[in-house]
Amino acid sequence: MTNNVRLIQKLRNQTGAGIMAVKSALDQAAGDENKAAAILRKKGEKIAAKKQAEREAKDGVVDAYIHTSAKVGSMIVLACETDFVAKNEQFKNLAHEIAMQLAAMRPEYVSSDDVPEDVKEKEMDIYKEQLKQAGSASSADKKPTSVTEKILEGKMNKFYASVCLLNQPYIKDDKRTIRDLINEATAKLGEKIEVKQMIVFTL
């Protein structure tokens with residue numbers, strides 16, 4: 001029983017979900033912590049998406065991070081709805097964690113929506129050509145259209161994870177993305193949270 005209570009508390013702290021939501025997720029996942037966390041993140045994405053659509057983030061903080069080498073630095077504008085949340089330590093810590101992520105991974109865009117269409121098309125053409133050449137090399141390895149589409153989708157997702165901040169695995173926990181961190185904070189703090197601007201400086 002003690003272990004179960006600890007697990008519930010751990011998932012609550014990690015995802016910002018309520019007790020009943022955590023218990024329900026654990027039931028669905030047959031007690032598996034990782035599966036339950038994934039279920040809660042999916043629910044968190046829906047909650048965050050609703051807040052993103054309905055509300056406007058006009059407040060927030062500017063945070064900066066400089067690597068110990070003094071050769072790389074980053075700056076981020078993380079927005080929220082109110083001054084109350086902007087002053088919250090959890091929100092400020094989130095901004096700093098994202099600034100560290102920026103300096104470490106140096107993404108080019110905030111999200112996949114920001115990637116220009118011509119860049120997406122160029123990447124897709126490269127992957128299609130790779131599959132075409134692979135198919136020509138082995139005529140016995142011709143894949144159904146549905147399989148090819150899945151492969152292309154997977155390659156594009158990997159591309160987004162390399163160039164888009166929100167799609168990147170968190171440097172301190174690669175089972176979670178930066179989008180997951182923001183969704184978890186949205187669930188805990190109850191406000192829309194979004195990255196407004198970001199920049200990386202290098203020498």
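This is a predicted model: local features need pLDDT of at least 70, side-chain atom pairs count only at pLDDT 80 or more; totals for chains, interfaces and linings use all residues.
**Arg-106**

I started with Arg-106, which counts as partly exposed because its relative accessibility is 45% (buried is under 20% relative accessible area, exposed over 50%, partly exposed in between, with a 1.4 Å probe and protein chains only). I found Arg-106 in the loop between α5 and α6 (117-137). Its phi is near 50°, a positive value in a residue other than glycine.

Residues are numbered from 1 along each chain as its sequence is written, and side-chain values use heavy atoms, leaving out hydrogens and water.

**Ala-70**

I looked up Ala-70 next and saw a positive phi here too, near 60°, in a residue other than glycine. Ala-70 sits in the loop between β1 (59-66) and β2 (72-80).

**Whole protein**

I noted eight helices and five strands; these are DSSP runs numbered from the N terminus, helices being H or I of at least four residues and strands E of at least two. Along the sequence I read α-α-α-β-β-α-α-α-α-β-β-α-β. Buried residues are 37% of the 203 in the protein. I also looked at contacts (heavy atoms within 4.5 Å): among those between residues at least 6 apart in sequence, 65% join residues at least 24 apart.

**Glu-97**

Is Glu-97 buried or exposed? Glu-97, in helix α5, is buried, with a relative accessible area of 19%. Leaving out residues up to four places away in sequence, Glu-97 touches Tyr-170 and Lys-172. I wrote down a polar contact of 2.6 Å between the side chains of Glu-97 and Tyr-170, and one of 3.1 Å between those of Glu-97 and Lys-172. A polar contact is a pair of N or O atoms within 3.5 Å; within protein, one must be able to donate a hydrogen and the other to accept it, and residues adjacent in sequence count only if both atoms are side-chain atoms.

**α5 against α8**

I then checked how helix α5 (residues 89-105) packs on helix α8 (residues 178-189): the angle is about 175° and the axes are 11 Å apart. That makes the two roughly antiparallel (over 145 degrees; under 35 is roughly parallel, 65 to 115 roughly perpendicular, the rest oblique). Among the residues meeting here are Phe-91, Leu-94 and Ile-98 in α5 and Leu-181, Ile-182 and Lys-188 in α8. I sorted the contact residues into eight nonpolar, two polar and one charged (Ala, Val, Leu, Ile, Met, Phe, Trp, Tyr, Cys and Pro are nonpolar, Asp, Glu, Lys and Arg charged, the others, Gly among them, polar).

Definitions and conventions. Axes are lines fitted to C-alpha atoms, for helices over the stretch in contact, and angles run from 0 to 180 degrees between N-to-C directions.
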